[in-house]
Amino acid sequence: MRSILRHLSLRQISIIGVAAGILVPAVLFGYFTVKTRYERELQLRVYSPMSQYADMLSKAMEVPLWNVDREVAGQFVQAVMRNREVNSVTITDESGTVFVHLEKERKPQNNVVSLARDIRLDQKVIGKVSLELTSAYVDRDFFDDILKLLLALLAQVIFSFVLIWFVFDRRIVRPIQKLQRATLFLSAGDLNKSLEWKRQDEIGNLAHGLDQMRLNLGSLIAERDLQNQVLQQELLERSRVEQVLRDTENKFIAIFQSSPVAMTVLRKAERYAIMDVNDAWLRQFKWERETTLGNPAMQAQLWRNPEDFDRIVHILEREGEIHSYEAWCRCGVGEQNLLCQVSGRIIRVGNEPLLVLVQEDITEKRQNELDIRNMNQTLEKRVFERTHELEEANSELTVVLENLQRAQQELLRTEKMAALGSLVAGVAHELNTPIGTCVTVASTLQQQTDDFLKEYEHGIRKSVLDDYLKNARLGSDLLLRNLSKASELVTSFKQVAVDRTSANRRIFALDGMMDELITTLGPMIRKTKYTVVAELPPKFMMDSYPGALGQVMTNLINNAFIHAFDPDKRGRVTISAKLIDSEHVEMLVADDGKGIPPANLGRIFDPFFTTRLGQGGSGLGLNIVYNLIKDVLGGDITVESQLGKGTCFKITLPRVARVVNG
C-alpha cells in the first residue's frame, strides 16, 4: 500500500484522503443510522402489530371458539387481514383442527415471520392462533430510503470534490507536505481540532481553507443530525396519525357492522357498485358477501324495478340526500320480495364520493296497516249492526221503563194508602176506649135516672137525691173528659187525613203540626218500646205542604222503628228544628239505634232497596221521603250515621215552599 502511495501524486493523495475523510464517516454513520431505522420500522410495522394481533385474537377467539361461532371469528380475522403485512391467520381448536383460516392470494414468499399464541378459557388451552407476516413491504420502503440517502451522499461528495479541486488548482502552489501531519486529523475524521497556520502564505490560506472545510463538515453533520431528529419526529407523528386513522376505521367498521338496520355503501366512480354491506343487510336480503361486493350487475338483481334505483340515485345527486323512499327489493334466496323504506346521503372520503343507503324492511308494517284498514271497515259495519241492535233494545227498555215507572207509582200510591189505612185503624182503636166509656157512663146514668124517677113518684128521700146528684156529676165529668179526648183525636185525625189525601198548601205552626202528627201516631207508638220526642221552637210558622211533611215524618219514624232498633231494646227518636237563615229551616230526625253500614249509605234512598225485605220493609219508604222533599217541599235531605251510635237525617226546607203544579 505504501509503495503504491509513493507513486501517487500529492493531488491524488490529497483527493484520496479527502474522499476517505468524507465517505468513511458518512458510510459508517449512515450504516448505523439506516440499520437502526430499519430495525425500528421492522419492529413498528411487523413485530409489534404481530404481537398485538396475536394477543387480541387469543382473547377475542375465546367465546367464538368455545361456542363454535365461525361467523364472529371470521369477522375478527378479516379485520386483522386488512393489514397488508399480514399474509395469513389460522385459528385451530385444541385438537389441531383448523377452525378459521384466511390468507392472501398474492402474498410475498420471502422475509416471512410467524407467531403463535394459545387461546385459553379459564386457564385451559382451547386452541391456537397462528399469524404469518412479511417484511417485504418494509424492505421495499427501506431500499427506497437507502437509494435516496446514497444519492444525497453522492451529491455531497461531488460537491466536496469540486471544492477541493478548485482549492488545489487555485491555491496550492507550494508543497503541502508540511500540512500532512495537520491533515491527518481531518483524514481520521476528527473535526474537533482546528488547523492553525501562522504563516500568511498559500499554505496558511490552505490551512485556513482546511479549517473552514472542517467547520463546514461539522455544520453539515450537525444539520444532518438535526434533520434526522426532525425526520424522527415526523415519523412518530405519522405513526400516531396512522394509529388514530386505524382506530377510527375500526370504530366505523364496528358501528357499521353492528347496526340493526340494513346499510349499503356504493362507490360512485364504479357505476355505483356495492363497496360494502353490513351484517344486517346480509341477513335481510340473504345474499352472499362475495357475490355482492364489487359486482356492477348487483343493482339490477337487487331491485325488482330498476327504475327505483335510478330514481334514488337521481334524487341523491340532485339533493344530496333522500328520505323514506319506498321500493321493492329481491332476496337472494327464493322468490321473496321485500318492501323497503330507503334513506341515504352522499358522503366524501377524501376526494371520492360515496353513497350510503339504509334499506329498512317495512313489508310487515304495511301489511299490518292494510289489515287495520280492513279491520276498521269490518268494525264500522259491526258497529252499525250493533247500534241498530242497541236501538231496538233501547226501544224495548223504554217500554219496560215506562211499565216500571207506572208500577212504581202504583206501589207508591198503595204505600201511601196503606199508611193512611194503618193510621185510620190506629185512630179507630184509640177512639174505641173513650167512646165505650161514654156509652157505659151514659147507660149507667140512664139506669140511675130511671131508678130516681121511680123513687120520685113515691116520694124521694134526701139521701137518694144526694146519691143521684153525685153520680150525675161524676158521670157528666167522665162523659166530658172522654168526649173531649175523642174530639181531639177526631180533630187531629181529620186535619192529618185532609193533609195526607190532598196537596193543600197552607200556613201552619210547625210545632202544632208535629204535635197533631205524634198524637195521631200515638196508638202505633204505644205498641212499641220506643218513644218519639219533638223539640221544636214554638209558633214557628211555615207556608208549605203539611200533608207531604207529615208523610215524610211518618216514614222516617216508621223507618227508625223497623231498621234502627233491635226488638228487645228500647229506643228514642228525636225531632228537632232550627233556623238556618230567614228563608230556610233545618230539621233533624235522629235515633240512638244501631246505625247504617257505610256500604248502604249511598243506596238508602234508592227505590226498592231494603235490608228487611220480607220482614216489614218495602224499600219505598225513604224513596217516598226523598221524592216528597225534592219535588213537593223543594228542600234537600242528607244522612249521617255511625255504627252503634245511631242515624241522623238532616232535612233543609224553605219556609215558603214553591208552588206545585197539578
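Colleague: How do helix α16 and helix α18 cross, and within what distance do their axes come?

Modeller: This is a predicted model, where local features need pLDDT of at least 70, side-chain atom pairs count only at pLDDT 80 or more, and totals for chains, interfaces and linings use all residues. In it, the axes of helix α16 (residues 546-564) and helix α18 (residues 621-632) come within 9 Å and cross at roughly 155°. Axes here are lines fitted to C-alpha atoms, for helices over the stretch in contact, with angles from 0 to 180 degrees between N-to-C directions. Helices (H or I, at least four residues) and strands (E, at least two) are DSSP runs, numbered from the N terminus.

Colleague: Roughly parallel or roughly antiparallel, then?

Modeller: α16 and α18 are roughly antiparallel to each other. The cut-offs: under 35 degrees is roughly parallel, over 145 roughly antiparallel, 65 to 115 roughly perpendicular, and the rest oblique.

Colleague: Which residues meet there?

Modeller: From α16 you have A548, Q551, V552, N555, L556 and N559, and they meet G621, L622, I624, V625, L628, I629 and V632 of α18. By class, that contact has nine nonpolar, four polar and no charged residues. Contact means heavy atoms within 4.5 Å. For the classes, Ala, Val, Leu, Ile, Met, Phe, Trp, Tyr, Cys and Pro are nonpolar, Asp, Glu, Lys and Arg charged, and the others, Gly among them, polar.

Colleague: And how does α14 sit against α16?

Modeller: The axes of helix α14 (residues 510-520) and α16 come within 11 Å and cross at roughly 55°, so α14 and α16 are oblique to each other. L510, M513, M514 and L517 in α14 meet P546, L549, G550, M553 and T554 in α16. That contact divides into seven nonpolar, two polar and no charged residues.

Colleague: Switching topic: is T92 buried or exposed?

Modeller: T92 counts as buried, because its relative accessibility is 14%. Buried means under 20% relative accessible area, exposed over 50%, and partly exposed in between (1.4 Å probe, protein chains only). T92 is in strand β1 (residues 86-93). Leaving out residues up to four places away in sequence, T92 touches L65, T97, V98, F99, I126, G127 and K128.

Colleague: What about S324, what does that one touch?

Modeller: With the neighbours up to four places away left out, S324 touches Q341, V342 and S343. S324 lies in strand β7 (residues 321-330) and is partly exposed, with a relative accessible area of 46%. The C-alpha atoms of S324 and E360 are separated by 9.2 Å, though they are 36 residues apart along the chain.

Colleague: Where does Q43 lie?

Modeller: Q43 is in helix α2 (residues 10-60), and it is partly exposed at a relative accessible area of 42%. Residues are numbered from 1 along each chain as its sequence is written, and side-chain values use heavy atoms, with hydrogens and water left out.

Colleague: Where is confidence lowest, and where is it highest?

Modeller: Helix α1 (residues 2-6) is lowest, at a mean of 63, and strand β16 (residues 646-654) is highest, at 93. The chain averages a pLDDT of 78, and 80% of the residues score at least 70. pLDDT is the predictor's confidence in each residue, from 0 to 100.

Colleague: Where does pLDDT stay under 50?

Modeller: Over residues 498-502, for which the model has 12 contacts beyond four places in sequence. Where pLDDT is low, the predicted coordinates should not be read in detail.
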